[in-house]
Amino acid sequence: MSQPEYTTAQATALTNHDRKPIHIPGSIQPHGVLLALSTQLEILQVSNNTQAYLGKEPENLLGKPLSDLFEARQVEIVKECLGKKIGSSNAFKALINTLNGGKYFDAIVHRLEETVILELEPTNSESELSFLGFYSLAGEAIAKMQSTSNLVEFLHLVAEEVQKIIGFDRVMVYQFDESEAGSVVAEVKREDLSPYLGLHYPATDIPAQARELYTRCFLRFLPDLTAEPIKLVPTENPTTHQPLDLSYSVLRSFDWCCAEYHQNMGVKALLVISLIQEQKLWGLISCHHQTPKYISYEVRKMCEFLGQIVSSELTHKISHSEWDYKVKLKSLQSEFLESISQADNFIDALIKPEIRLLDLVSASGAAVCLDNEVTLVEATPNIDEVRTLIEWADTQVSDNLFSTDSLPKLYPEALRFKDTASGLLLLRISKVRRYYILWFRPEVLQTVHWAGNPQESIQTQADGSLSLSPRKSFEQWQETVRLTSLPWKACELDSAIALRNAIVGIVLSKADELAKINLELERSNQELASFAYAASHDLKEPLRGIYNFSTVLLEDYSQVLDDDGIECLQTVVSLSVRMETLINALLRLSQLGQAQLRLQATDLNELLNQVIEVFRASRQDSGLVDIRIPRPLPTILCDRVLVNEVFSNLLGNAFKYNDKPEQWVEIGYLDEEAGEQGNKGEEFSPLPPAPRPSASSYAQSPITFCIRDNGIGIPQHHLETIFRLFKRLHSQEKYGGGAGAGLAIVKKIVELHNGKIWVKSTVGVGSIFYFTLE
């Protein structure tokens, strides 16, 4: 089978194997007992070995409360697990009275969605390991592991210390690569055993389902790989009517494939500790023993703790191993980016001197593509091959950064230039235009030492289908890997991204200049607002003098004035009143421009009641005012005083511009599922009264409020202009006059709350004002 054929067969077999539900085997290992409990702690399922451990047959336990087995204090410990997240466990020492007397168990409890799982392992110890006891066992190991910064030495120390604690024949540190295959990077073993250090293992050896469980559960213990599993009674959970999920179970039985695989290696007991880096499975500490071997739960928890310490140290050790190279790249990157930022010619900045572009990611060649202009640097495919490669990338690559160390496997045409471009790192600078930088690496022939022939795990069944089967040979087997370059390191990918950011920064430099202009405009607007406030405030005093002196002339000197003189003075008084109204509106608007919101949880029902009371008190014909509120309004976070002003203005306008004999206004809000978009012209539908929201649970998402009336309406071409300052659609004599500033003030308050306001109206029918408050 050729390498490409093997890769396809491997993927097919892995897919088939990953469908096997290894987390619901329906059985456990025989070195303990499992009880599945309801959330009321009633026994729903048990393992079929309770007679041996507890002195009771399964049928005598099913349906019984846990209190029949445990004393009240222990039942309370189990109850505590109900408040924890799924998978979190509690452990405690349990004394259970049996026909043969009291027996001590290590009790481990965790919960699922609707089930609590309690596992019991017999123990000779009636007391839990103290902190000092734990520290004496683990403290020295941790100190040794933290004493070295070298990754290889660190991993070897990890294997040594774990072997000291558990006494297994072989302890290995196993690291996954990007293809999910792995290799043994550290090993401590019994002298007479064959070494596995440096050997590679195919991804089929640890399928995806098993890797996923290792990511969730940090330790897996199989003390006897020859032991027969113990079935659960009944086979399905009576609550869920599904097989019991044993993902987090310490006693979960093992897959036959796993058992046969390890027995082919001469292994009878297995302990596996997960190593997690950046929330991904980095590798495993895999411990083998040639005979069955039991380890107490406390020692296993210590190993799990050590695994977590190792995981936390991995990032530091790996970073230290790559530190020198990263420092070199950073220094080069800094110089390179500085030269680009100061360059007038973009191409020249990238490729002169040429070596800097290549050293940035340790490549042997590069191509810079700006639309149809392609520039080649050092060892690359020819210009036509690069153009064709870019066309392929346009359709196949969606991300800004793409890398592969085996381009011919993805792009068969690359076979022609594998000597220069088996590895590709592609950087997309723009998604709008065809701006790319491509780096190339040549083919590097590699000899990989496998633990046996990896193709042995792929078996063809009688029906022609492919499946995984445990390999039988673990003797060293060599394979020459072709069409592959040296892999791209994470720090090299970071360097490429930094280059893209710098290039984008150059492109955006003009945008920065515009931003500075906008900032200057904003400052000017603030100064203008301050000027408007000062001017309007200072104008009020001389205006008040004009009004007062005109009034005095009318009252005290009217006898010496003729009719024309009196009429002129009356006009001055009227204009001064009008002028004061306009100044007050301008002053209010400028105040809002400088206002700081005082946000508080506000019950809009109470606020609206106050608005309506004030409104009715100000109108003599209050008996004709019909204000409808179909359902209670929510409690929101807002400036109470300003929102009061919004409702007051909108409510006052609704009745002010209404010539109907029966006037009404309806106040409500749109349902969240209706939303603002697509509903700006929809009327809200009254709903049955809902429970009044409390002040402690105010609305978190924007709500669209509506105020609807049956007034005179607004012409379509005025729907936007009505929010402008001093914009009136009617003369002063009609509809009670006014400054034409109310809606401008409302709009300003809504925008201060990061909201929007708009209106839908039909002349002669009425208007609906919508606004949101965030």
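Q: In what order do the 7 strands of the open sheet run?
A: The order is E1-E11-E3-E2-E6-E5-E4, with antiparallel pairing. Strands here are DSSP runs (E, at least two residues), as are helices (H or I, at least four), and both are numbered from the N terminus. Two strands pair if DSSP finds at least two bridges between them.

Q: What sort of model is this?
A: This is a predicted model, where local features need pLDDT of at least 70, side-chain atom pairs count only at pLDDT 80 or more, and totals for chains, interfaces and linings use all residues. Residues are numbered from 1 along each chain as its sequence is written, and side-chain values use heavy atoms, leaving out hydrogens and water.

Q: How many bridges join E2 to E6?
A: 5 bridges join E2 (residues 33-37) to E6 (residues 116-122), and the two run antiparallel. Leu34 has Glu119 in E6 as its bridge partner.

Q: And E16, which strand is joined to it?
A: E17 (residues 423-430), antiparallel, through 4 bridges. Ser403 is bridged to Leu425 of E17.

Q: Which residues of E16 are on the covered face?
A: Phe402 and Thr404 make up the covered face of E16 (residues 401-404). Leu401 and Ser403 are on the uncovered one.

Q: New topic. What volume does the second largest pocket have?
A: About 850 Å³. A pocket is an open set of points on a 1 Å grid over the protein atoms alone, where a 1.4 Å probe fits and protein lies on both sides within 12 Å along at least five of seven lines. The volume is the space filled by probe spheres set on the points, which are joined across faces, edges and corners.

Q: How many residues line the second largest pocket?
A: The count is 46, taking residues with an atom within 4 Å of a point. Asp205, Ala210, Tyr214, Cys258 and His262 lie nearest the centre.

Q: Which element gives the largest share of that lining?
A: H7, with 5 residues. Other elements that supply at least two residues include E1 (27-28), H6 (208-216) and E13 (280-289).

Q: How do the lining residues divide, nonpolar, polar and charged?
A: 30 are nonpolar, 11 polar and 5 charged. Ala, Val, Leu, Ile, Met, Phe, Trp, Tyr, Cys and Pro count as nonpolar, Asp, Glu, Lys and Arg as charged, and the others, Gly among them, as polar.

Q: Rings next. How many aromatic pairs does the structure hold?
A: 12. Trp758 and Tyr770 form a stacked one, 5.5 Å centre to centre with 10° between the planes. Trp758 lies in E28 (residues 757-762) and Tyr770 in E29 (residues 766-773), so the pair ties together parts 12 residues apart in sequence. Rings of Phe, Tyr and Trp (its six-membered ring) pair if their centres lie within 6.5 Å; planes under 30 degrees apart are stacked, over 60 edge-to-face, the rest tilted.

Q: Is Trp758 buried or exposed?
A: Buried, at 11% relative accessibility. Tyr770 is buried too, at 0%. Buried means under 20% relative accessible area, exposed over 50%, partly exposed in between (1.4 Å probe, protein chains only).

Q: Which ring has the charged end of Arg441 over it?
A: Trp488, with the charged end of Arg441 3.8 Å from the ring centre. Arg631 lies over the face of Tyr669, at 4.0 Å. The cut-off is NZ of Lys or CZ of Arg within 6 Å of the ring centre and within 35 degrees of the ring normal.

Q: What about phi of Glu378?
A: Glu378 has a positive phi, near 60°. Glu378 is in E15 and exposed at 55%. Asp371 also has a positive phi, about 55°. Asp371 sits in the loop between E14 (365-370) and E15 (373-378), partly exposed at 24%. Most residues other than glycine have a negative phi, and most peptide bonds are trans.

Q: Last one. How far is Glu645 from Val746, by C-alpha atoms?
A: 7.4 Å, though they are 101 residues apart along the chain. Glu645 is in H19 (residues 640-656) and buried at 18%. Val746 is one of the buried residues of H20 (residues 742-752).
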